[in-house]
Structure formats: structure tokens, C-alpha cells
Amino acid sequence: MSRNPAFPPSAGDFLLASKRCEIIVLRQLLQMGQLVGRISQLIHVLQRERGTVNIYLCSHGALFGERLAARTRDVEQAELAVHRQLAQLDANTAPLAGASRLFNSIACVLHNLTTLSTLRRQVQLQQIAQPDAMHTFNGIIRSLLALVFEAADACVEPAIARRLIAMFSFMQGKELAGQERAIGAAGFAARQFSLEAQQKLLQLIEAQERCFQSFIEFADPQSLAQWQRMQQQGDREFERLRRIACTQTRPGDGNDTSLRWFDITTARIDLMKQIEDRLEEALMSGCRDALTAASDALTQDGGGLQGRLQPQADGYTVFISASQDEPMLSDGINPRLGRSMVEMIRQQSQRLQALSQELAATRATLQERGEIECAKGLLIQHRGMTEDGAHQLLRKMAMDQNKRLIDIARAMLAVADILPGK
């Protein structure tokens, strides 16, 4: 907003600047929503490639070898779409909250994706063990989910933030379902489930429920209804095989059961992808609606001002359309325009205050999740626990002390600096 020094800035100038800044941020959020959609697709095809690789390695190359090339092509196409979307992000994204963390997450994702070519060569030659291959895939997908988390954390529009959190939570649950598919396929292919694998399956099932509960809290009505229909339909064969995997160390049947499990769980995850696509649609619709509303507000609220603030060669001048007998304010503005200005400022202030309060409540939920994750990380680091074991311990401590989970997490983080090393 540049002006001739001879014409000091007015309230109208800054009111219009406020609305224009809001539109700029909403356009950035629209870009972030598009990026999240591309990441959603990349994660989905990576999950498919991971499942295929698991069966290929566990069957010692007897199964799914012919599918590896197609899975690689799917991932490469989705990866290219993410790269194209990232290319549209530039320094103009910096005004978003947490832009530094966001860009750091992007750097982490790009670095992790470079490891795929080496991993694929090792898989093709069967020079890598199934757990190691799965660990690499999990790490790449985890970094992509972290990027979605940062996008949600950077969002300054409460309605859009809610949709981002719903999508992030659902993507987390779907990824855990993908890990369950991979571990189950490996166990059935090997005709053996170790106690460790069964414990991991039980932890994954419980963790899925936590993620989907968070999704339910923030989801739009249409996505929630779609999820409820999926839950009501269910799949008895899936539940039967899930029980076998969790309770029998030697399930038998080998390849046939492994392929059946993989097909059933893939169908389940594909249904989840449909809901994920609906969440993406709701997110993008919310971004576009907010941008349209802000643009319309600028036109309607600022139209009167813009009609009176006529640009000149050396700045702006006020055009007065009042009758000659109407008095002027001290700065040369018609009193009716002055009253209109005060009303517009009041309305903008009230709206921004309401948005700020709603956003604070939404982000508080996201912050609590982040603090709980940090506390779990401390337990993993200092006690050598698994992620789900750490969550179980935090929950038990909360129940024993009759406190909220977040209170236990915050107390643990408060003494993090004095905890002994592992």
C-alpha cells in the first residue's frame, strides 16, 4: 500500500488492506489444500507398493513380481504431481504461520523420496529383508503425513483447519490400516505370526480407532456419513482373518490365505481412499468458498470506499458526492461515509475476533495432539518403548492419577531436560 507522503493513510486504506491480506492468505491455503490432495494420492500408491513388496519378499519372489513395475510407475506419477505442486510454492507462502517448519518438512519429504530407487533395486534382487523394506516405506509415508500435519498447523482459517485436521486424522488411520495389511500379508505368506507381530497388530488396531475417533470429531457431515455406511456394511471375512492373525501363531494355508487377506484389506483401504477423496473435496470446497466470500466482502464492503478513493498520479483523493449544504468532517469526508466506515471497521473487527476464537479452539486440539506425541517420543527414547506401548503407559498414568492425558503429557515434557538417557 503506497501513498504520496502528502496524503496520510486513512482508516479506509487499512480496512481494504486487511481484506486484501485475508484474500492472499486464503489463496495460499488453497495451494496448501491442493498439495495435501497430491500427498494423499502419493501416500495411497506408496501403501500399495509397500503391500506388494511385502508379499514379494515374504514369498521369496514367487508372488507379485509382475506387479512391481506397475506399482513403481503409479508412485512415480503421483510423486511428479507432488513435485509440480511444490514448484508453485515460493517465498509468498512465508506469511503463513509455521512456514519455516512447513518448508523443513518439505525438505525432509524430498530427501526421503530419493531413497526409493535404491530400495527398489534391493527389492528386485531380494537383497533386503521384508522388515527393513517396510521400515523404509513407513519412514517415507511418515514424513508425508508430517507435512500434512504442518499444513494443518499453519492454517489460519478455522473452518479449513477443521477439515485439514479431519483429513490428517483419517490419513493417519488409513496408514495404520496399510501397516496392518502389510504385517498380516507377511505373516500369512510365511505361515507364521510371531508374538511380536501379533502384539503389533493389536496395537495398530487400537491406534486406528484413536485416529478415526479424531476424524469423527472434525469431519464434515457428508464424509462422516460415508464412513458410517462403511462401518455398518463391514466384512465378516476380514474380521475372521484379523482374529486368526492376532491369535494363531501358525495359521496354515500359506499363499492362498495371504492373497485373500491382501485382497480383502486392499478393498477396505480402497473404500477408505474414497472417503479420503471426499475429505479432499470438502477441503478444497471450503478453501474456494472462503476465498469467494472474502472476495465478495471486499467488493461489497470496500466497493463504496473504492468508488470514493480515486487513484491519481501522485496518490489518492477523496471524491465527495454530497450536496453543498451537507457539512464535512475535519478530514474532508462526508459524515455519511464516515459512519459507513465506522460500521465496516466494527463488522470486520467482530468477524476477525470470532474467527480468532474459533481458530484458537481448533488449534488447541491440534497442539494437544502434538504434545502427546512429544511425550510418547520421550518414552520411546528414554525407555525403549514402542509407540503404542508409550501411549498405553501415558493412558494408564492418566487413569491412575485421575488426570487428563494431556496433563500427564505436559508434566512429562516439563521435566524432559532432566530425564536420563536410554
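Visitor: Let us start with a single residue. Does Glu 49 count as buried or exposed?

Guide: Please bear in mind that this is a predicted model. A residue is called buried when its relative accessible area is under 20%. Glu 49 has 3% relative accessibility, so it counts as buried.

Visitor: In which element does Glu 49 lie?

Guide: Glu 49 belongs to helix α1, which covers residues 11-58.

Visitor: Which residues does Glu 49 touch, leaving aside those up to four places away in sequence?

Guide: Glu 49 touches Arg 71, Thr 72, Val 75, Arg 120 and Phe 137. With one of these, Arg 120, there is a polar contact between the two side chains, at 2.8 Å.

Visitor: How many helices and strands does the chain have?

Guide: The secondary structure comes to 13 helices and 2 strands. Of the 422 residues in the chain, 48% are buried. As for contacts with a separation of 6 or more, 77% are between residues 24 or more positions apart. The chain exposes about 21300 Å², and carbon and sulfur atoms supply 52% of that area.

Visitor: How should I read a nonpolar core, and which residues have the most contacts inside the largest one?

Guide: In soluble globular proteins, nonpolar side chains tend to be buried together. Here the largest nonpolar core has 70 residues, and those with the most contacts inside it are Ile 39, Leu 42, Leu 46 and Ile 160. Helix α1 gives the largest share of this core, 16 residues. Apart from it lies another core, of 24 residues, including Ile 55, Ala 182, Phe 193 and Cys 211.

Visitor: What does Leu 42 touch, not counting residues up to four places away in sequence?

Guide: Leu 42 touches Val 75, Ala 78, Glu 79, Val 82, Leu 113 and Leu 144. Val 75 is also among the residues that Glu 49 touches.

Visitor: Let us turn to the rings. How many aromatic pairs does the structure hold?

Guide: The structure holds 10 aromatic pairs. One of them, formed by Phe 170 and Trp 227, is edge-to-face, with 5.6 Å centre to centre and 90° between the planes. This pair links distant parts of the chain, since Phe 170 is in helix α6 (residues 158-190) and Trp 227 in helix α8 (residues 221-233), 57 residues apart. Phe 170 is buried, with a relative accessible area of 0%, and Trp 227 is buried at 6%. Together with Phe 212 and Phe 215, Phe 170 and Trp 227 form one aromatic cluster.

Visitor: Over which ring does the charged end of Arg 67 sit?

Guide: The charged end of Arg 67 sits over the ring of Phe 64, 3.8 Å from the ring centre.

Visitor: Finally, the backbone. What is the phi of Gln 126, and where does this residue lie?

Guide: Gln 126 has a positive phi of about 55°, although it is not a glycine. Gln 126 lies in the loop between α4 (116-124) and α5 (130-154). At 37% relative accessibility, Gln 126 counts as partly exposed. Arg 191, which is not a glycine either, has a positive phi of about 60°. Arg 191 is placed in the loop between α6 and α7 (195-218), and its 48% relative accessibility makes Arg 191 partly exposed.

Notes: Residues numbered from 1 in each chain as written. Predicted model: local features only at pLDDT ≥ 70, side-chain atom pairs only at ≥ 80, totals over all residues. Heavy atoms only, no water. Helix = DSSP H or I, 4+ residues; strand = E, 2+ residues; numbered from the N terminus. Buried < 20%, exposed > 50% of the residue type's maximum accessible area, 1.4 Å probe, protein only. Contact = heavy atoms within 4.5 Å. Polar contact = N/O pair within 3.5 Å; in protein donor to acceptor, adjacent residues only side chain to side chain. Areas by Shrake-Rupley, 256 points an atom, 1.4 Å probe, with all protein chains shown as cover. Core = buried A, V, L, I, M, F, W, Y, C linked by side-chain atoms within 4.5 Å. Phe/Tyr/Trp six-rings, centres within 6.5 Å; stacked < 30°, edge-to-face > 60°. Lys NZ or Arg CZ within 6 Å of the ring centre and 35° of its normal.
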